[in-house]
Amino acid sequence: MMFDLQQQIRPNIRRLEPYSSARDEFKGTGRIMLDANESPFDTGYNRYPDPFQQELKDRVAELFNTDPGHLFLGNGSDEAIDLLIRIFCEPYNEGILICPPTYGMYQVAADVHGSFVRKVLLTSNFKVQVEPLLESLKGIKLIFLCSPNNPTGNDMDPEDVEAILERSDGVVVIDEAYGDFAGRASYIEWLDRYPNLVVLRTLSKAWGLAGIRLGVAAASRELISVMNKVKPPYNVGRPVAEVALKALDDEEAHDKRVARTLQERARMEKGLQEHGLVEKVHPSDANFLLVRFKDAKKVYEELREKGIVVRDRSGLPHCEGCLRITIGTPEENRVLLKALEAMITERT
Ligand SMILES: *Cc1c(COP(=O)(O)O)cnc(C)c1O
């Protein structure tokens with residue numbers, strides 16, 4: 001594999017002169033700041049935030065044991081997904097490859113941009129079809145691998161990820177939104193080996209901060225500098241950075257949340273497996289379970305009537321009859337199991 005980033009990015013992006021903000025042209029603080037048309041009156045937030053979120057990036061870099069130069073921070077991982085597609089894919093002529101059933105945003109972001117989406121389905125036990133994938137790369141600029149995968153819950157085999165990284169000359173994006181629950185090191189560790197690797201992480205799941213919108217992309221310095229050039233200048237607000245910094249200071253609380261979720265996941269897996277309406281509980285490395293029911297639509301409706309909302313995934317390939325159930329608090333999980341029990345009693 002010969003990876004040449006400059007050859008891969010779109011010519012208009014290669015040529016792009018980035019917007020130069022007031023904070024790009026004057027760094028640091030003067031005594032009187034009259035260069036950014038901000039309000040001079042103190043509201044707590046009258047000044048623009050740091051365009052490159054240096055303080056937060058330093059902290060995130062520590063967390064992932066990498067260098068801040070390898071990181072991009074954005075408005076959720078969704079911003080990074082959108083940016084990557086815009087950086088690499090010529091509309092109409094070039095596209096992305098995904099392995100359904102998987103996260104829906106890859107397709108939507110490609111559709112908005114007008115690039116095509118090639119699909120190489122996972123096998124029925126949710127493994128990547130490595131050889132068919134590698135034979136389908138004509139015109140493909142980005143391969144999206146989601147691991148652990150949403151909605152199936154399973155982590156990919158590292159040998160498969162490695163084969164795809166080694167043998168494709170496009171960029172491989174590994175979405176680790178659920179990486180905290182997988183009990184393995186992040187693929188961020190592989191950045192030095194693979195210049196074509198991008199790893200996505202988020203504070204939306206295990207960090208419990210879906211509401212602030214903070215996503216992380218880790219990649220080569222060269223690609224990060226391209227992402228910085230293309231992103232909106234002030235894409236992460238100061239309140240977001242402040243809340244994130246505070247949360248990241250308490251890694252212990254994060255670890256506790258993860259441990260409790262894993263404990264509950266094991267309990268739910270067992271409880272559901274033993275349940276009369278359940279045909280199969282797919283093994284999960286994430287904070288949810290994909291569960292095949294005898295009559296999924298009916299179970300979905302009956303749960304909803306009881307105020308319990310799960311996700312109907314039965315329309316996706318290989319997911320016939322499947323509901324995706326997020327692991328809740330112990331109390332929420334108990335209520336769910338009880339509601340399912342009641343359905344059996346009501347039926348007999
Ligand atoms: C939830 C989720 C995300 C998170 O996206 P954010 O924009 O960071 O909230 C990313 N990828 C997958 C596969 C997800 O399920």
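Two strands pair if DSSP finds at least two bridges between them. By that rule, phenylalanine 288 stands opposite threonine 326 in strand 11. This is a predicted model. The protein has 13 helices and eleven strands.

**Overall shape**
- The radius of gyration of the protein is 22 Å.
- A compact globule of 348 residues would have a value near 20 Å, so the two agree.
- Taken along the principal axes, the C-alpha atoms fill a box of roughly 75 × 50 × 35 Å.

**Ligand surroundings**
- Arginine 213 has a side-chain N or O atom 2.6 Å from an oxygen atom of the ligand.
- Serine 204 places a polar side-chain atom 2.7 Å from an oxygen atom of the ligand.

**Parallel strands and their crossover**
- Strand 2 (residues 95–98) and strand 3 (residues 116–119) run parallel and are joined by four bridges.
- Glycine 95 has phenylalanine 116 of strand 3 as its bridge partner.
- From strand 2 the chain passes through helix 6 (residues 105–113) to strand 3.
- This β-α-β crossover is right-handed.

- Four strands form an open sheet in the order 8-9-11-10, with antiparallel pairing.
- Strand 8 (278–281) and strand 10 (311–312) are the edge strands, and each pairs on one side only.
- Strand 9 (residues 288–293) and strand 11 (residues 322–326) run antiparallel, with five bridges between them.
- Within this pair, phenylalanine 288 is opposite threonine 326.
- In general, strands of a sheet pair through backbone hydrogen bonds, either parallel or antiparallel.
- Side chains in a regular strand alternate between the two faces of the sheet.

**Backbone details in loops**
- The peptide bond from proline 100 to proline 101 is cis, with omega near 0°.
- Proline 101 sits in the loop between strand 2 and helix 6, on the path of the crossover from strand 2 to strand 3.
- Serine 147 and proline 148 are also joined by a cis peptide bond, with omega about -5°.
- Proline 148 belongs to the loop between strand 4 (140–146) and helix 8 (158–167).
- Asparagine 37 is not a glycine, yet has a positive phi of about 55°.
- The loop that holds asparagine 37 runs between helix 3 (22–25) and helix 4 (54–63).

Terms used. Residues numbered from 1 in each chain as written. Predicted model: local features only at pLDDT ≥ 70, side-chain atom pairs only at ≥ 80, totals over all residues. Heavy atoms only, no water. Polar contact = N/O pair within 3.5 Å; in protein donor to acceptor, adjacent residues only side chain to side chain. Helix = DSSP H or I, 4+ residues; strand = E, 2+ residues; numbered from the N terminus. Right-handed = clockwise from strand over helix to strand, strands pointing away. Rg over C-alpha atoms; globule rule 2.2 N^0.38 Å.
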